[in-house]
Amino acid sequence: VRVFDTGNARKTDPVDAHAVAMAALRAPKLKVLTFDEELVALRLLADRRDELSALRVQTVNRLHRLFAELIPGGAPRNLTATKAKTLLAGVRPRTLVGKTTRRMAVEELADLVRVDTKLKALNRELKAAVLARGSHLMDLHGIGPAGAARILADVGDIARFPDRDHFASWTGTA
């Protein structure tokens, strides 16, 4: 532990391992690490949802860029697959560039529909997993399945914190 604090050039992996082992041997109430498969699975699902959400944002941004080429003023904010379909139905370009742009928009729209379908299924799976753990986090205003899953997966066993002050310090809310 001393070696971690000093920041000197003696810090090496073997020295780090030795320092951590010595601190662990001397800790009277050291918590034993347990492996919770459900939490690991929950973390994997939450990570996948984050990745799909980022992919959705990228897809919608690409659609907005293409609609700016196809429609004067572009597409409105909060673009959904349904709104994009309606907008595309009214676009009949006559030039090669316009036709190519519309075809690309149709492909992006298909990608958006696929990502939305995956997100809906994943949200249902997250909700079921959170409820199966007996959590009431989703009862709180503003906490949905994804937020609850992220909290549960990141925090793990709340009993590992001696009191609420330690938990607040760990979360950075103290």
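This is a predicted model: local features need pLDDT of at least 70, side-chain atom pairs count only at pLDDT 80 or more; totals for chains, interfaces and linings use all residues.
Arginine 102 is buried yet has no salt bridge. Its nearest side chain of opposite charge is glutamate 107, 10 Å away. Where does arginine 102 lie? It lies in helix 5, which covers residues 96–132. Leaving aside residues up to four places away in sequence, arginine 102 touches Leu70, Leu88, Ala89, Val91, Arg92 and Pro93.

Helix 3 has 34 residues. From its first C-alpha to its last it reaches 49 Å, close to the 50 Å expected at 1.5 Å a residue. Which residues of helix 3 are buried? They are Leu39, Leu42, Leu45, Ala46, Leu52, Thr59, Val60, Leu63, Leu66, Phe67 and Leu70. What covers these buried residues? The cover includes helix 4 (81–89), helix 5 and helix 6 (145–155).

Now turn to charged pairs. Side chains of opposite charge can pair when their charged atoms come close. In this model the count comes to 10 salt bridges. One of them joins arginine 43 and aspartate 154, at 3.4 Å from N to O. This pair links distant parts of the chain. Arginine 43 sits in helix 3 and aspartate 154 in helix 6, 111 residues apart. Arginine 43 counts as partly exposed, because its relative accessibility is 34%. Aspartate 154 also counts as partly exposed, at 35%.

Another bridge joins aspartate 47 to arginine 150, with the closest N and O atoms 2.7 Å apart. Aspartate 47 is partly exposed, at 30% relative accessibility. These bridges belong to a network of salt bridges that links Arg43, Asp47, Asp50, Arg150 and Asp154.

Aspartate 111 and arginine 114 meet in a salt bridge, 2.2 Å from N to O. Why are they about one helical turn apart? Because they are 3 residues apart in helix 5. Aspartate 111 is partly exposed at 26%, and arginine 114 is partly exposed at 47%.

Is phenylalanine 35 buried or exposed? With a relative accessible area of 64%, phenylalanine 35 is exposed. Together with Val40 and Leu44, Phe35 forms a nonpolar patch on the surface. The patch has about 330 Å² of accessible area.

Asparagine 78 lies in the loop between helix 3 and helix 4. Most residues other than glycine have a negative phi. Asparagine 78 has a positive phi of about 55° although it is not a glycine. It is exposed, with a relative accessible area of 65%.

Glycine 144 lies in the loop between helix 5 and helix 6. Glycine 144 counts as partly exposed, because its relative accessibility is 26%. The C-alpha atoms of glycine 144 and leucine 126 are separated by 9.3 Å. Along the chain these two residues are 18 residues apart.

Conventions:
Residues are numbered from 1 along each chain as its sequence is written. Side-chain values use heavy atoms; hydrogens and water are left out. Helices (H or I, at least four residues) and strands (E, at least two) are DSSP runs, numbered from the N terminus. Buried means under 20% relative accessible area, exposed over 50%, partly exposed in between (1.4 Å probe, protein chains only). Lys and Arg count as positive and Asp and Glu as negative; His and the chain ends are not counted. A salt bridge is a side-chain nitrogen of Lys or Arg within 4 Å of a carboxyl oxygen of Asp or Glu. Contact means heavy atoms within 4.5 Å. Patches are made of residues with over 30% relative accessible area and no salt bridge: like charges are joined within 9 Å, nonpolar side chains (Val, Leu, Ile, Met, Phe, Trp, Tyr) within 5 Å. Accessible areas come from the Shrake-Rupley method with a 1.4 Å probe; for residues, only the protein chains shown count as cover. The expected span of a helix is 1.5 Å times one less than its number of residues.
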